[in-house]
Amino acid sequence: MDGILNILKPPGMTSHDVVGWIRKVLKTKKVGHTGTLDPMAAGVLPICIGSATKISQYLLNDRKSYRCEMTLGSNTDTQDKWGKVTEAHKVDVSQEDIFKAFNQFKGDIFQMPPMYSALKHQGKKLYELAREGKVVEREPRKIRIYDLDIIRIDGNKVLFDVCCSKGTYVRTLCEDIGNHLNCGAHMSFLLRTASGCFKLDETVCIEELEKESLETISEQYLFPLDYPLRKMSKVIVKEDSLKYLLNGNNLFLRNIACHDSLKLGEQVRIYADKNFLAIGTVKKEQNIYIDVSRVFN
């Protein structure tokens with residue numbers, strides 16, 4: 001079984017828990033995710049099966065979209081409602097103040113990774129250090145907020161949608177906006193609505209998969225390996241050059257039957273007829289060629 005499952009992760013499970021569960025259901029060890037989702041958050045979690053684990057690295061940079069509820073008035077040690085309150089403030093801000101604050105966090109911004117995260121410091125995960133009461137120095141990271149739209153403001157609760165780059169901590173975004181408003185804030189709800197091309201309305205619950213046969217799962221729920229790579233240009237190799245591709249050799253124009261536009265430095269997906277077989281990068285020395293970086297066979 002090779003492909004990608006678009007799992008609706010329930011709150012209370014870690015991404016690693018989901019991977020372990022899928023391994024048991026599908027009876028295979030070759031399972032991996034394309035980026036963690038907070039344990040108490042729910043939503044889209046693409047899970048790679050079999051050969052698809054080889055493409056997970058190409059999905060890590062995908063944009064992520066979320067619907068989030070932010071609660072103004074208090075900060076917590078975990079930056080969400082499941083943590084311990086560390087500061088509490090009176091909320092004396094107008095809706096106009098909130099909209100103005102949100103506008104300050106659009107585009108390229110720097111964000112300090114939270115202590116309660118899976119990032120590592122000297123080989124140890126930050127959340128492990130945080131549970132020991134330790135705080136270590138971290139470097140701010142540049143992230144991008146593509147869209148940030150308020151849906152509703154109800155008292156001290158702000159419901160909003162955000163589309164962001166990889167490495168963005170939405171709970172940190174909540175705290176930073178709250179601190180900008182001088183009243184503090186924490187995340188009280190988080191739902192991932194999209195991860196790259198995988199959308200919420202195409203997810204499958206793990207309870208549904210438990211009831212299905214492996215054949216049904218493969219036929220009805222498994223996305224093909226190349227599904228999330230559709231934005232890459234497509235190249236079809238000639239039949240007599242297939243052996244070069246399968247050996248990982250460079251492909252020149254003489255080896256290619258047809259192709260979409262080829263731009264230097266961009267990655268392309270490579271096929272033999274309709275079969276997706278490899279990923280490469282367009283390069284040029286004297287002539288344009290494709291440097292094959294990963295073969296799936």
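**Exercise 1.** What percentage of the 297 residues in the chain is buried?

*Solution.* The model is predicted, so local features need pLDDT of at least 70 and side-chain atom pairs count only at pLDDT 80 or more, while totals for chains, interfaces and linings use all residues. Residues are numbered from 1 along each chain as its sequence is written, and side-chain values use heavy atoms, without hydrogens and water. Apply the criterion for buried: under 20% relative accessible area, with a 1.4 Å probe and protein chains only. The buried share is 47% of the 297 residues.

**Exercise 2.** Determine where Arg269 lies and whether it is buried or exposed.

*Solution.* Step 1: Arg269 belongs to strand β19, residues 267-272; strands are DSSP runs (E, at least two residues), numbered from the N terminus. Step 2: Arg269 is buried.

**Exercise 3.** Identify the polar and charged partners of the Arg269 side chain.

*Solution.* Arg269 has none; Asp226, the nearest side chain of opposite charge, is 4.5 Å away. Step 2: search for polar contacts (N or O atoms within 3.5 Å, one able to donate a hydrogen and the other to accept it; residues adjacent in sequence count only if both atoms are side-chain atoms). The side chain of Tyr271 makes such a contact with that of Arg269, at 2.8 Å.

**Exercise 4.** List the contacts of Arg269 beyond four places in sequence.

*Solution.* With contact taken as heavy atoms within 4.5 Å, the partners are Leu229, Arg230, Met232, Ser233, Lys234, Val235, Phe276 and Ala278.

Conventions
Buried < 20%, exposed > 50% of the residue type's maximum accessible area, 1.4 Å probe, protein only. Helix = DSSP H or I, 4+ residues; strand = E, 2+ residues; numbered from the N terminus. Lys, Arg positive; Asp, Glu negative; His and termini not counted. Salt bridge = Lys/Arg side-chain N within 4 Å of Asp/Glu carboxyl O.
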